[in-house]
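Keep the viewer open and try each task before reading on.

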Amino acid sequence: MAKKKSQPVEKIRLSGRNIYTDKKGRVIYYDMITKKGYLVDKERENAAQFYKNRMVVILFAAILCGATFMTVTQAVIGWVILMLLAEISFRFGFLKKLEAVTDVDFERRVSALQYIVENKGRGKTIALIVLYLLLAVLVVLNAYIEKYSIGLLVFSGGIAFVGIYFAVLHIIALTKMK
């Protein structure tokens with residue numbers, strides 16, 4: 001009896017909310033608004049990563065602009081405009097380039113923890129833990145030293161919270177690594 005060759009399992013390339021893999025090992029982005037799955041090929045992974053995190057990236061940019069050279073009102077208006085542009089670009093540009101799929105296995109969502117454990121080495125994970133903790137401390141320290149307003153202190157605290165969250169996530173992943 002001949003042995004059956006199994007196909008090599010492909011490494012996880014993307015993770016997070018709305019990212020799934022199907023039974024064929026393909027990476028699928030599920031859009032909650034259109035209720036469709038879209039096949040994300042290797043060439044479009046970086047764009048998918050940005051669009052998946054577009055709200056956070058643009059929010060941090062608006063906070064940075066509001067803390068440095070814009071008023072808070074200008075930063076909020078800029079954030080709204082950038083969000084609209086990013087959403088239009090996402091809906092009418094990025095998603096239109098992806099192949100729609102119907103056979104998505106929604107039971108296999110790829111979590112951030114699973115992605116870290118399977119794709120990042122111990123050294124890189126330790127470095128990220130240190131960097132996230134430094135971000136959390138330094139952003140609050142900077143806000144205190146610069147005597148930011150209460151609103152910006154709250155935003156800085158939020159950024160610090162995100163840094164601590166990702167540090168803890170990487171610590172958990174480090175404990176699960178072989």
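**Exercise 1. Describe how helix H5 crosses helix H6, starting with the handedness.**

Solution. Begin with the handedness: H5 passes H6 in a left-handed crossing. Keep in mind that this is a predicted model.

Next, take the geometry. H5 covers residues 122-145, and the axes of H5 and H6 come within 8 Å and cross at roughly 165°. Angles over 145 degrees count as roughly antiparallel, and that makes H5 roughly antiparallel to H6.

Finally, look at what the contact is made of. The residues where H5 meets H6 divide into 19 nonpolar, four polar and one charged.

**Exercise 2. Find out which residues leucine 174 touches, leaving aside those up to four places away in sequence.**

Solution. First locate the residue: leucine 174 lies in helix H6.

Then check its accessibility. Buried means under 20% relative accessible area; leucine 174 has 18%, so it is buried.

Now list the partners. With residues up to four places away in sequence set aside, leucine 174 touches Arg122, Thr125, Ile126 and Ile129.

One more distance is worth checking in the viewer. Glycine 121 is 53 residues from leucine 174 along the chain, yet their C-alpha atoms are separated by 8.9 Å.

**Exercise 3. Is alanine 127 buried, partly exposed or exposed?**

Solution. Start with its place: alanine 127 is found in helix H5.

The relative accessibility of alanine 127 is 35%, so this residue counts as partly exposed.

To relate alanine 127 to another part of the chain, pick histidine 170. The two are 43 residues apart in sequence, and 9.7 Å separate them from C-alpha to C-alpha.

**Exercise 4. Work out how H4 and H6 are oriented to each other, and which residues make the contact.**

Solution. Take the angle and distance first. H4 (residues 112-119) and H6 (residues 150-176) pack at an angle of about 50°, and their axes are 9 Å apart.

Compare that angle with the classes: under 35 degrees is roughly parallel and 65 to 115 is roughly perpendicular. H4 and H6 are therefore oblique to each other. As for handedness, H4 passes H6 in a right-handed crossing.

Now for the residues. H4 contributes Ala112, Leu113, Ile116 and Val117, which meet Leu169, His170, Ile172, Ala173 and Lys176 of H6. By class, the residues of this contact are seven nonpolar, one polar and one charged.

A residue of H4 to inspect as well is glutamate 118. Its relative accessible area is 42%, so glutamate 118 is partly exposed. Glutamate 118 is 59 residues from methionine 177 in sequence and 8.0 Å from it in space, C-alpha to C-alpha.

**Exercise 5. Why do the buried residues of H1 line one face of the helix?**

Solution. Identify the buried residues first. In H1 (residues 45-52), these are Glu45, Ala48 and Tyr51.

Now look down the helix axis. The buried residues of H1 fall within an arc of 125°, so they line one face of the helix.

Next, turn to the packing of H1 against H3. The two helices pack at an angle of about 140°, with axes 11 Å apart. The cut-off for roughly antiparallel is over 145 degrees; H1 and H3 are therefore oblique to each other. The crossing of H1 past H3 is left-handed.

Then read off the contact. Ala47, Ala48 and Tyr51 in H1 meet Ala86, Ser89, Phe90 and Phe94 in H3. That contact has six nonpolar, one polar and no charged residues.

Serine 89 has a relative accessible area of 31%, so it is partly exposed. Beyond residues up to four places away in sequence, serine 89 touches Tyr51 and Phe94.

**Exercise 6. How many helices and strands does the chain have, and in what order do they run?**

Solution. Count first: the chain has six helices and four strands. From the N terminus, the order is β-β-β-α-α-α-β-α-α-α.

The chain has 178 residues, of which 33% count as buried. Among contacts between residues at least 6 apart in sequence, 74% join residues at least 24 apart.

Terms used: Residues are numbered from 1 along each chain as its sequence is written. This is a predicted model: local features need pLDDT of at least 70, side-chain atom pairs count only at pLDDT 80 or more; totals for chains, interfaces and linings use all residues. Side-chain values use heavy atoms; hydrogens and water are left out. Axes are lines fitted to C-alpha atoms, for helices over the stretch in contact, and angles run from 0 to 180 degrees between N-to-C directions. A crossing is left-handed if the near helix is turned anticlockwise from the far one by less than a right angle, and right-handed if clockwise. Contact means heavy atoms within 4.5 Å. Ala, Val, Leu, Ile, Met, Phe, Trp, Tyr, Cys and Pro count as nonpolar, Asp, Glu, Lys and Arg as charged, and the others, Gly among them, as polar. Buried means under 20% relative accessible area, exposed over 50%, partly exposed in between (1.4 Å probe, protein chains only). The arc is that of the directions from the helix axis to the C-beta atoms.
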